[in-house]
Amino acid sequence: MASGNDDAKLYQELQGFLMADRADVRNAATEAVVQIQHQEAHRQKLLEYGDGILLQALLRNTSYESDDTTAVMVPVNALQSLVYLSSHGTTANHCINLLLESNMIPRALEIVLTAYPDKAPKAIQEAWRLKINFAMALIANLTRMEKGAVDMVGYTLPEEAVPSSALPSAEQLRVKPTMELLLDRYLNSAFVHDWPGDDKNDDDDAENVHYEELTVVKLDSKPYDPYQHFSAVLMNTTQVEQGRNFLLQLHYTTDQEEGSTYFQRILPQIRSANPIRRQGTAGTIRNICLEKDSSYWLLNVVQVTKDILYPLAGPEELDVDEKRGLHPDLWLEGPDKIREIDATTRLYLVEAILLLCSSGRKSRERLRLDRVYVILKWADMVEESEQVSECINECVQYLRRDEANTEEGSSDAFVANAYNRIMSSTTAAKQIRGDGKEDADYDDVD
C-alpha cells in the first residue's frame, strides 16, 4: 500500500513540475519523462494517472514557448515522449486513441508548419529541426489508424495558423490544404541539413558514414532531415481512398500542358539517400497499386515499373539478352549499383509488383515486356528475408505462367515476338538535304 501511495505522490509531483512556471523545471520534468517511458509500467501510468492528466500536460508542453534559453528543449522532449508512447508496448494504440480525441493532429500540424528560424542561434535551429522531426513522427503514428488518416487528408488549417511565408501567391484564391503544404516542404531540399556522408557538407562535426550504415532505426530521431517522416504519413494516408485520391488527382497549370499528379512528384524519392524516405515511398507505391482501375495509367503513362525495380536491381552483370527491354537505369551503374538494404522497403516494392500482376492480363503483359522477371530472378538469388523471397516467388508464378486459353510457352513467346517486331521495324532517319526538294523517283525510269 505504501508503495502505491509513493507512486501516486511521485506522479502528482511530476504533473506539477510539467506545468511549472520556471522553464528549467519544465525542462527537467520532460527529460525525466523521456527517461522513464522505456518501462511498460511507467508508460501505463503516464496514460492513466489522474484520468490522463499527465498526458494532457505533455500535450501542452509540445507548444511551450519562453524567453528562457533553457526552454528550447521542452517541446522537443514532450514530442519525443509522445512519439515513444504512441509506438511502443501494449498501450500504443490506446495512446493514439487518446491523442486523436485530444485533437493532437491539428496541434502537431501547427508545429510542423512553423517558419525556420534562419537568423536564430545554432542551438535554436537544431531544436527546431528536432521538434519538426518528432512532430512529423507523431503525425505518422497517429495516421496509422483509419480515423487519423482520414482526418489528416481532409484537414485544412485556418489561414491564421499558417506562416505567411507558406501561403500561396496572391493570385491564388484559396489557402493550400495542409497535405500540399507539407508535400512542398518534404520535397524542398533546403530543409535537409548536415546530411551524413554529403560531400557538400562543410560542418566538421557532421557524421561521415557509409550508405549501408544509414538505416531507418539510426535516422528516425536525427535532425538531418526534419520532414523525412512525411513519407510515412503519405504511406499511411494512402491506405484509405481519400489519401489515394489526393495523390492521383490530375493537376493542370495551363490548358496546353499535360496534367500531372503528386504521386509522380514523390516517385524520385525512391532513390533518396534517406532510407526513411525510400521506405515510405515504397509503401506509398504499394498502396497506390491497390487501385486496379489505375493500373494501365501506372504502367503505361507513369511507367512506374522502372521506379519499382530500381531499388531491387543489384551489381550483377547482365548479358545482352537480359538487358533487352530493361530500362537502362537498371543496369547502367554496373558493379557500382547497390541493392536496397532495407528488407521492409524491398517487401513493399515486391508487393507492389504482385498487386500489378493481379490487376489483369494486360498488366502482366506490360510487366513481361518490362522484363520484371530478370530483376526479380537476380534479387531472389541474394534475398535474405524469407518473406520477401516468398513474395517474389508469387510474382514469378504470375509472370512465367501461360495465360488461360493460350498455348504452352505463350508468355515467353509474347515477349520474344514483341521485341522482334520492334527490332524489325526500326529505321534510320532520312537524309537531310537542305535544299527543300524531294528525291527524284527513279522507279519509273526504264
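Colleague: How many cavities of 30 Å³ or more does the structure hold?

Modeller: This is a predicted model, and the structure holds 1 cavity of 30 Å³ or more. The largest cavity has a volume of about 80 Å³.

Colleague: Which residues line the largest cavity?

Modeller: Among them are Leu318, Leu330, Trp331, Arg339 and Trp378. The lining divides into 7 nonpolar, 2 polar and 2 charged residues.

Colleague: How many disulfides does the structure hold?

Modeller: The structure holds 0 disulfides. For cysteine 395, the nearest cysteine sulfur is that of cysteine 391, 4.9 Å away. A disulfide needs the two sulfur atoms within 2.5 Å, so cysteine 395 is in none.

Colleague: Why is cysteine 395 called buried?

Modeller: Its relative accessible area is 0%. Buried means under 20%, so the word applies to cysteine 395. Cysteine 289, with 4%, is buried by that cut-off.

Colleague: How many aromatic pairs are there, and what makes the pair of tryptophan 128 and phenylalanine 191 stacked?

Modeller: There are 7 aromatic pairs. The ring centres of tryptophan 128 and phenylalanine 191 are 6.1 Å apart and their planes are at 25 degrees. Planes under 30 degrees apart count as stacked, so this pair is stacked. Tryptophan 128 lies in helix α8 and phenylalanine 191 in the loop between α10 and α11, so the pair ties together parts 63 residues apart in sequence.

Colleague: Why is the pair of phenylalanine 263 and tryptophan 297 called tilted?

Modeller: Their planes are at 45 degrees. Stacked requires under 30 and edge-to-face over 60, so the pair is tilted. Phenylalanine 263 and tryptophan 297 are buried.

Methods:
Residues are numbered from 1 along each chain as its sequence is written. This is a predicted model: local features need pLDDT of at least 70, side-chain atom pairs count only at pLDDT 80 or more; totals for chains, interfaces and linings use all residues. Side-chain values use heavy atoms; hydrogens and water are left out. On a 1 Å grid over the protein atoms alone, a cavity is a set of points where a 1.4 Å probe fits but cannot get out, and a pocket is an open set with protein on both sides within 12 Å along at least five of seven lines; lining residues have an atom within 4 Å of a point. Grid points are joined across faces, edges and corners, and a volume is the space filled by probe spheres set on the points. Ala, Val, Leu, Ile, Met, Phe, Trp, Tyr, Cys and Pro count as nonpolar, Asp, Glu, Lys and Arg as charged, and the others, Gly among them, as polar. Buried means under 20% relative accessible area, exposed over 50%, partly exposed in between (1.4 Å probe, protein chains only). Rings of Phe, Tyr and Trp (its six-membered ring) pair if their centres lie within 6.5 Å; planes under 30 degrees apart count as stacked, over 60 as edge-to-face and the rest as tilted. Helices (H or I, at least four residues) and strands (E, at least two) are DSSP runs, numbered from the N terminus.
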